[in-house]
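Reader: Hi! Could you walk me through this protein?

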Amino acid sequence: MAFFEQFGKRVSDLGQGVAAKTRNFSDITRLNSLISEQEQQITNAYLAIGQSYYANHKDDPEGEEQEKIAYINDALQRVAQYQEQIKLIRGIATCPNCGAEISATAPFCSACGKSTGFAPAQPKRTCPVCGAQVNEGTAFCTTCGNRLDQQEPTPMEPIRPVQQGPAAYPEPTQQGNQERLCPICHARLENGVQFCTTCGAHVPTL
């Protein structure tokens, strides 16, 4: 009987030891969780202090931590540039009146209703001869001179070199230094075009 009593006491002691270790592990886990929570709150407080210091001293040339402040300023500028690039890709702009995000071609803001000053995008069409993008309603391609309002495209002809001596075309009338006029129909021409969009005449570049 004494043997069984001693054996039972040992089993009981072992069970109590395991239970104590289990309670200790649970308490340690709980305490570690509380420590992690407090450390996160401390980190958030540090960040708040840093943000407050930056806001108060970002324009102070004599303040402390100028190197870190300069780095933050540069990083914020880069972030703003990247955000603007994303807006351009998505075709989004910021309303100059209320700051809402709207279409980059909307003449009026959908949020405040005021004029944005943005020019609506002109519809484009593709020249069937050279593949250039031209404005809808244009009679002739500004790149190859093909007439766009006919069913069959006009074959491209090689551009003849400008003759030496007397000018091959009448001297176009100019107003200022930027405006160009077609020498045939006197329509206004955009810079760099080789063909008049009204009559299709070949216009030598100056």
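Predicted model: local features only at pLDDT ≥ 70, side-chain atom pairs only at ≥ 80, totals over all residues.

Reader: Thanks! How many helices and strands does the protein chain have?

Author: There are two helices and six strands, counted as DSSP runs (helices H or I, at least four residues; strands E, at least two) and numbered from the N terminus. Starting at the N terminus, their order is α-α-β-β-β-β-β-β.

Reader: And how much of the chain is buried?

Author: Of its 206 residues, 17% are buried, meaning under 20% relative accessible area with a 1.4 Å probe, protein chains only; over 50% is exposed, and partly exposed lies in between.

Reader: Is Ile49 buried or exposed?

Author: Ile49 is exposed, because its relative accessible area is 58%. Ile49 sits in helix H1, residues 2–57.

Reader: New topic: what lines the second largest pocket?

Author: Its lining includes Lys124, Thr138, Arg188 and Glu190. A pocket here is an open set of points on a 1 Å grid over the protein atoms alone, where a 1.4 Å probe fits, with protein on both sides within 12 Å along at least five of seven lines; lining residues have an atom within 4 Å of a point.

Reader: Which element gives the largest share of that lining?

Author: Strand E4 does, with three residues.

Definitions and conventions: Residues numbered from 1 in each chain as written. Heavy atoms only, no water.
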